[in-house]
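Please consult the sequence and the structure alongside the text.

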Amino acid sequence: MFNAWSRRDRAPEDGTAAGLDGFAVDKTFLSSLKGILLETELALTFIIFICFTASISAYMAAALLEFFITLAFLFLYATQYYQRFDRMNWPCLDFLRCVSAIIIFLVVSFAAVTSRDGAAIAAFVFGIILVSVFAYDAFKIYRTEMVPRAAQGECLSSGERRCPLPPNPTNPPMPYPTWLHLHRGPAVTLGIPGF
């Protein structure tokens, strides 16, 4: 006969242990560049929230909202729980998160500096630093996640079985548009080869 005490002392069953594996934190992600960027964004957003709470409480909602959104993305990426939602375009969502945060914090930071309060000026300085971190994060997302997918999507949407080869480095593209060759009239020497 099992009672509550003996159930508590038993080893967990396989089903419950497997259910908790979805929330295991990937420590390598936290030390990667993306993890460090998200942690920095989270810390700076919290500092700005504290500064706005001390000076201008009207602007603290923007910092608090961005804090929770960044915390959610950090949680989803660190636990790799985002992979369960495979129909969502996570790089695009993350890029839009960064771009919207850049716009919000630029507006709020410049609006806060007009009050000339000490905490508001600190929020402005940390806001500019945070905007640069978000801009770098958006740039990295665009370069590593969105551009390769766009090139692959162009290849697949054209109906070709394989992508064309990259341009031949021995025959580089012309540095000027081809329509410049279509001029009619006397030849004019401009010092550009091919004219």
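## Helix packing and selected residues

Helix α4 (residues 33–54) and helix α5 (residues 60–78) have axes that come within 9 Å and cross at roughly 160°. Axes here are lines fitted to C-alpha atoms, for helices over the stretch in contact, with angles from 0 to 180 degrees between N-to-C directions. The pair α4 and α5 is therefore roughly antiparallel, a term for angles over 145 degrees. The crossing of α4 and α5 is left-handed, in that the near helix is turned anticlockwise from the far one by less than a right angle. On α4 the contact involves K34, G35, L38, E39, E41, L42, T45, F46, I48, F49, F52 and T53, and on α5 it involves M60, A63, L64, E66, F67, T70, L71, F73, L74 and Y77. Contact denotes heavy atoms within 4.5 Å.

The model is predicted: local features require pLDDT of at least 70 and side-chain atom pairs pLDDT 80 or more, while totals for chains, interfaces and linings use all residues. Residues are numbered from 1 along each chain as its sequence is written, and side-chain values use heavy atoms, with hydrogens and water left out.

The axes of α5 and helix α6 (residues 90–112) come within 11 Å and cross at roughly 160°; α5 and α6 are therefore also roughly antiparallel to each other. Their crossing is left-handed. The contact is formed by A62, A63, E66, I69, T70, F73, L76 and Y77 of α5 together with W90, L93, D94, R97, A101, I104, F105 and V108 of α6.

The table gives the residue classes of both contacts. Nonpolar covers Ala, Val, Leu, Ile, Met, Phe, Trp, Tyr, Cys and Pro, charged covers Asp, Glu, Lys and Arg, and polar covers the others, Gly among them.

| α4 with α5 | 14 nonpolar residues | four polar residues | four charged residues |

Helices (H or I, at least four residues) and strands (E, at least two) are DSSP runs, numbered from the N terminus. Of the 195 residues, 25% count as buried, that is, under 20% relative accessible area, with exposed set at over 50%, partly exposed in between, and a 1.4 Å probe applied to protein chains only. Among contacts in the chain with a separation of 6 or more, 71% join residues 24 or more positions apart. The chain exposes about 13700 Å², of which carbon and sulfur atoms supply 66%.

Helix α7 (residues 118–157) contains D137. D137 counts as buried because its relative accessibility is 0%. Leaving aside residues up to four places away in sequence, D137 touches K34, L37, E41, R97 and C98. Y136 also lies in helix α7 and is partly exposed, with a relative accessible area of 38%. With the same exclusion of residues up to four places away, Y136 touches L33 and L37. The C-alpha atoms of Y136 and L37 are 8.8 Å apart in space, and these residues are 99 residues apart in sequence.

Q80 is found in the loop between α5 and α6. Most residues other than glycine have a negative phi. Q80, although not a glycine, has a positive phi of about 55°. At 37% relative accessibility, Q80 counts as partly exposed.

How values were computed:
Parallel < 35°, antiparallel > 145°, perpendicular 65-115°, else oblique. Areas by Shrake-Rupley, 256 points an atom, 1.4 Å probe, with all protein chains shown as cover.
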